Amino acid sequence: MGDIVMHARGDRARTTMMRDASFRADGVGRPRGRDARAANVMAARAVADAVRSTLGPKGLDKMLVDGAGEVSVTNDGATILRGMDVSDPAARMVVEAAATLERELGDGTTTAVVLAGELLRHAETLADDLHATALAEGFRDAAAVATRALEGLAREAPGGREEALRRVAATAMASKAAAPEATRLADLAVRAVLAVADGRRADLSHVRLAKLAGRALAATDLVEGVVLDKARASEAMPRFVAEARVALVEGALTAAKPARAATLRLADPRAHEAFVAEEETRVARAVSSLASSGATAIFVEKRVDDRAIDLLARSGILLVAGVGGETLSALARATGARPVANPREVGEADLGRASLVEEAREGGAPEVLVTGGGGARSVTLRVRGASEESVEEVARTLEDALGVARTALADDPIVPGAGAAEAEAARAVRDEAGRLDARRALVYEAFAAALEEIPRALAENAGRDPLEAVTAVRAAHAAGRRDHGVEVATGGTFDAWSAGVVEPLRVKVQSVATAAEVATLILRIDDVIATARREDLTGRSP
Ligand code: ADP
Ligand code: MG
């Protein structure tokens, strides 16, 4: 059947999955029925295998190498999945489902993918006796039982909402590389979320991450406002401006060079000179209208030429050039300024406010801080670490923590982690199986076993005996110790709830639902047909 080739560090260092059972559009060698399903299941399981060992606080790291030889080391399932160059259609379904989960909730991705892989593994053995439709229905019903069990397990954190946020963020951080600083970093993430929160909603686009390598992880901090890793355009400009009126300019502020076609027409030296003079006048006019708008701090998306810098410096204006589109939008939100495409049209109404725009030095590197903005409240997490790779990994982990904290803010109830929630869901599904006919019971049993893969993987990744750990957790839940999960330090069980290892209910429910959905989707496919490109079929692009 299909052969899966994964070369994590090949020449192009891509994780590619191929099926040797390739087929032609005329149907030669086209996989159908059981063969089609087996190939799909195998491809999807390969994705799960790729991330399984990263699950949990003791998960191992993966080294990702891209086509250009750029290396990153990560423990983040979502990042690995994003980096995988998956061409197999069934595997892509898993990757895309995981990406959706990551986007919506910011966590639980690895769990969902591992669960989906296990559901499919069990389905393969059941498929000899059961029709795909019966299997799919069974999984759907079992998922509903699991969800009810998770809801039954959920409650509010004892210390109130803020404490719940802190705990879910710490749990998300602890399962990643930044473990030693987890508590403090989790706290920063929670402060960031609360700073931008509007009631129970937090818009994370108001939280920016500014990354700088070369300093200790412990130097990571949170500042009010927007931080740019840039210097002001000239030393002749003021180093800080208090009560700044802020103008934002899209594009560049440069005199255009004649385009190639124009160069030909401008072969006449006088025409050329006239062109240059006109361009320079255009820039000078732009600069003078910026200055007369009342702006005292100007941020330009792209390049600004020296003459313009000079003119602005002489007007006592602080300019930062080349800030990029994303930062420009962040500044717009924070200061209330409206970015202008044509600086000659800038008016009073386009300007924003900031109580301070200031260039500072952070461990040798210049930074511009924009604080006390007149727009929405914005904060920046200044992420520090020894190397660029470690800064990237801490940033990813902080993003997870921000995501779960936002989720927990929107929706109170939390559940114990460390595999306790999955173990409890497995217990409930297995209980229910006892009330069903033999065939359906088999499907429920399989679903329960797949859920138990989470505590099993947590133990295994920590170097503990997975079978012992699962047996212990199962026994604890059978005895009504519903909050008990895997203690990674011992391989025994512990009360995850009391230890503060908790996760938002929504993350758990969504992981299970996503896994069941994608597994069901894949199981129901009984034919793989090579088609013409989609636009040829529909007559338009998708
Ligand atoms: P995901 O992408 O699914 O969030 P992670 O690698 O972040 O995967 O691992 C999450 C799992 O690790 C969850 O089941 C969580 O409960 C568990 N976990 C986190 N901290 C601990 C801990 N201290 N002890 C045991 N399990 C933990
Ligand atoms: Mg996580």
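# Close-up legends

**View 1. Glu243 lies in strand E8.** Strands (E, at least two residues) and helices (H or I, at least four) are DSSP runs numbered from the N terminus. In this predicted model, local features need a pLDDT of at least 70 and side-chain atom pairs count only at 80 or more, whereas totals for chains, interfaces and linings use all residues. Residues are numbered from 1 along each chain as its sequence is written, chains are lettered from A and ligands numbered from 1 in written order, and side-chain values use heavy atoms, without hydrogens and water. Glu243 has a phi near 45 degrees, a positive value in a residue other than glycine. Its side of the story is an open one: Glu243 is exposed, with a relative accessible area of 60% (exposed means over 50%, buried under 20%, and partly exposed in between, with a 1.4 Å probe and protein chains only).

**View 2. Ala418 sits in the loop between strand E14 (414-416) and H13.** Here is another positive phi, about 60 degrees, although Ala418 is not a glycine. Ala418 counts as buried, at 14% relative accessibility.

**View 3. Helices H13 and H14 (residues 438-451) pack at an angle of about 170 degrees.** Their axes are 8 Å apart; axes are lines fitted to C-alpha atoms, for helices over the stretch in contact, and angles run from 0 to 180 degrees between N-to-C directions. H13 and H14 are therefore roughly antiparallel to each other (over 145 degrees; under 35 is roughly parallel, 65 to 115 roughly perpendicular, the rest oblique). On the H13 side, look for Glu422, Ala425, Ala426, Val429, Arg430, Glu432 and Ala433, which meet Ala441, Tyr444, Glu445, Phe447, Ala448, Ala449 and Leu451 of H14. The contact of H13 with H14 has 10 nonpolar, no polar and four charged residues. Ala, Val, Leu, Ile, Met, Phe, Trp, Tyr, Cys and Pro count as nonpolar, Asp, Glu, Lys and Arg as charged, and the others, Gly among them, as polar.

**View 4. Helix H6 (residues 161-174) meets helix H12 (residues 388-410) at roughly 150 degrees, with axes that come within 8 Å.** That makes H6 roughly antiparallel to H12. From H6, the contact (heavy atoms within 4.5 Å) is made by Arg161, Leu165, Val168, Ala169, Ala172 and Met173, and from H12 by Thr397, Leu398, Asp400, Ala401, Val404, Ala405, Ala408 and Leu409. By class, 11 of these residues are nonpolar, one is polar and two are charged.

**View 5. Thr254 occupies the loop between strand E8 (240-249) and helix H8 (260-265).** At 18% relative accessibility, Thr254 counts as buried. Leaving out residues up to four places away in sequence, Thr254 touches Glu279, Arg282, Val283, Arg303, Val304 and Asp305.

**View 6. Thr520 belongs to helix H17 (residues 505-523).** Thr520 counts as buried, with 15% relative accessibility. Follow the chain to Thr133, 387 residues away from Thr520, and the two C-alpha atoms are separated by 8.7 Å. Apart from neighbours within four places in sequence, Thr520 is in contact with Ala136 and Phe139.

**View 7. The protein chain has 18 helices and 17 strands.** Of its 542 residues, 49% are buried. The average pLDDT is 85, and 88% of the residues score at least 70; pLDDT is the predictor's confidence in each residue, from 0 to 100.
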